[in-house]
Amino acid sequence: MKLATLKAGGRDGTLVVVSRDLTQCRPVPDIARTLQAALDNWERAAPQLQEVYFALNSGTAQHAQPFDETQCHSPLPRAFQWADGSAYLNHVELVRKARNSEMPASFHTDPLMYQGGSDSFAGPRDPVCALSEDWGIDLEAEVAVIIGDVPMGATPTQCAEAIRLVMLVNDVSLRNLIPAELAKGFGFFQSKPASAFSPVTVTPDELGDAWRDAKLHLPLLVHVNTKLFGKPNAGADMNFDFGQLIAHAAKTRELEAGSIIGSGTVSNRHGSLHGSRIETGGVGYCCIAELRMIETIESGAPKTGFLKFGDTVRIEMKDAAGHSIFGTIQQTVAKYRGQPGQ
C-alpha cells in the first residue's frame with residue numbers, strides 16, 4: 001500500500017492512504033491520525049489501512065479525494081531517529097581517491113553511518129534553504145526505509161523483517177562546511193541541513209520483484225535544472241543491504257518504531273570511470289560531489305559548481321511500466337528568509 005502525510009492537521013500532518021496510481025487519497029483519522037501513530041500500532045493499523053488501499057484502487061472508497069503531491073509533507077514530518085548509512089562503496093572510493101587516500105579494509109565489512117537531524121524534515125516540494133551559496137549546496141539522492149521496533153543486537157535478517165515502508169530522500173549536504181567539521185573528529189552537524197523525503201512511502205510488497213534481498217532494484221532518476229543528471233540502479237553496487245544497515249544501527253541500542261534508515265548516496269560503477277556521465281552513455285550521479293571527484297581525478301581540479309539559488313532538483317523512481325512509485329521530490333534552492341541571529 002501507499003501512504004502520505006498532508007500538511008493540514010498540525011505539525012505532524014494528516015495521514016492519508018494513496019491509490020496505486022497516485023490520483024486519489026483518503027484521510028484515515030478513524031485508524032490513525034498520523035503516520036507515527038500508525039507505526040506505533042502497526043499490527044492493528046496496517047490491515048485496516050490495507051482495506052482502504054484496496055477500496056481506493058477498486059474505486060469503492062468512501063470519502064476519497066484527489067491526491068495533490070504539492071500539499072504533502074515528508075511522510076514523517078519529524079521522526080525519533082534519522083540515521084543515514086553509506087552503503088555504496090563506489091561513492092566512498094571516489095571520495096577517497098579524489099584526495100589520494102586508500103580506503104581502509106574495514107569499510108568493506110562495517111558500514112559508515114551518521115545520525116542526522118530529524119526534528120524538522122522539509123516537504124518534498126519545499127525549497128532547499130541556505131544562508132549562503134558559499135556553503136557548497138549539494139543534493140544526495142537516496143532510498144530510505146521506515147522501521148518498526150528493533151531490539152538491540154538484532155540480526156540483519158530480523159532487521160529486514162522490521163522494515164515497514166520504503167521511500168526516497170534528498171539528503172542535502174553543505175560540502176564546503178564538511179571538512180572543518182570532520183577535522184574536529186565528531187562528525188556532521190552544521191553541514192547536514194533538513195532532508196526532504198518523497199511525497200509517498202510504500203510497503204515493500206507494493207514494489208513486487210523490484211524489492212528483493214532488502215534492496216530496491218530500480219533506477220533512481222535525478223534531474224538538475226530539468227537536465228537528466230543520474231539514473232543509477234539503487235539495487236546495483238549496494239554493498240550493504242538495509243537489513244545490514246539497520247543491524248549496524250541497532251548494535252548497541254534499541255531502535256523505536258518510526259526510525260528512518262537511509263542507504264547513502266546511490267552510486268553505480270560503470271566501465272573504467274565510476275558512474276560515468278549521462279552524456280557519454282553512463283548512468284550518471286546522485287550528487288554533484290561525485291562528478292567533481294571524477295573531474296578532479298581526470299584533470300586535477302573540479303569544473304562543475306555546486307547548486308546556486310534558483311537551481312532546481314528533481315528526484316523520482318518509476319516502475320517497469322513508467323509510472324511514478326513514490327511521487328516526486330522537486331525542490332528549488334533558495335536563500336533562507338527567516339530571522340537568522342535572533
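**Aromatic pairs and overall form**

Reply: Trp82 is buried, and Phe197 is buried as well. Keep in mind that this is a predicted model.

Me: How many aromatic pairs does the structure hold?

Reply: Rings count as a pair if their centres lie within 6.5 Å. The number of aromatic pairs in the structure is six.

Me: Is the pair of Trp82 and Phe197 stacked, tilted or edge-to-face?

Reply: The two centres are 5.3 Å apart. Planes over 60 degrees apart count as edge-to-face. The planes of Trp82 and Phe197 are at 80°, and the pair is edge-to-face.

Me: How many residues apart in sequence are the parts that Trp82 and Phe197 tie together?

Reply: Trp82 belongs to strand E6, residues 82-85. Phe197 belongs to strand E13, residues 196-197. The pair therefore ties together parts whose separation in sequence is 115 residues.

Me: What kind of pair do Phe121 and Phe197 form?

Reply: Their ring centres are 4.8 Å apart. Their planes meet at 70°, so the pair is edge-to-face.

Me: Where in the chain does Phe121 lie?

Reply: Phe121 and Phe197 link distant parts of the chain, 76 residues apart. Phe197 is in strand E13. Phe121 is in the loop between strand E7 (113-115) and strand E8 (128-130).

Me: Is Phe121 buried or exposed?

Reply: A residue is buried under 20% relative accessible area. Phe121 has a relative accessible area of 4%, so Phe121 is buried.

Me: What is the relative accessibility of Phe197?

Reply: Phe197 counts as buried. Its relative accessibility is 1%.

Me: Which residues form one aromatic cluster?

Reply: Phe197 pairs with Trp82. Phe197 also pairs with Phe121. The cluster consists of Trp82, Phe121 and Phe197.

Me: Which residue has its charged end over the ring of Phe188?

Reply: A charge over a ring has to be within 6 Å of the ring centre. Here the charged end is 5.7 Å from the centre of the Phe188 ring, and it belongs to Lys192.

Me: How many helices and strands does the protein chain have?

Reply: The secondary structure holds both kinds of element. The count is seven helices and 21 strands.

Me: What is the radius of gyration of the protein chain?

Reply: For 342 residues the globule rule gives 20 Å. The value for this chain is close to that, so the chain is as compact as a globular protein of that length. Its radius of gyration is 19 Å.

Notes
Residues are numbered from 1 along each chain as its sequence is written. This is a predicted model: local features need pLDDT of at least 70, side-chain atom pairs count only at pLDDT 80 or more; totals for chains, interfaces and linings use all residues. Side-chain values use heavy atoms; hydrogens and water are left out. Rings of Phe, Tyr and Trp (its six-membered ring) pair if their centres lie within 6.5 Å; planes under 30 degrees apart count as stacked, over 60 as edge-to-face and the rest as tilted. Helices (H or I, at least four residues) and strands (E, at least two) are DSSP runs, numbered from the N terminus. Buried means under 20% relative accessible area, exposed over 50%, partly exposed in between (1.4 Å probe, protein chains only). A charge sits over a ring if NZ of Lys or CZ of Arg is within 6 Å of the ring centre and within 35 degrees of the ring normal. The radius of gyration is taken over C-alpha atoms; the globule rule is 2.2 Å times the number of residues to the power 0.38.
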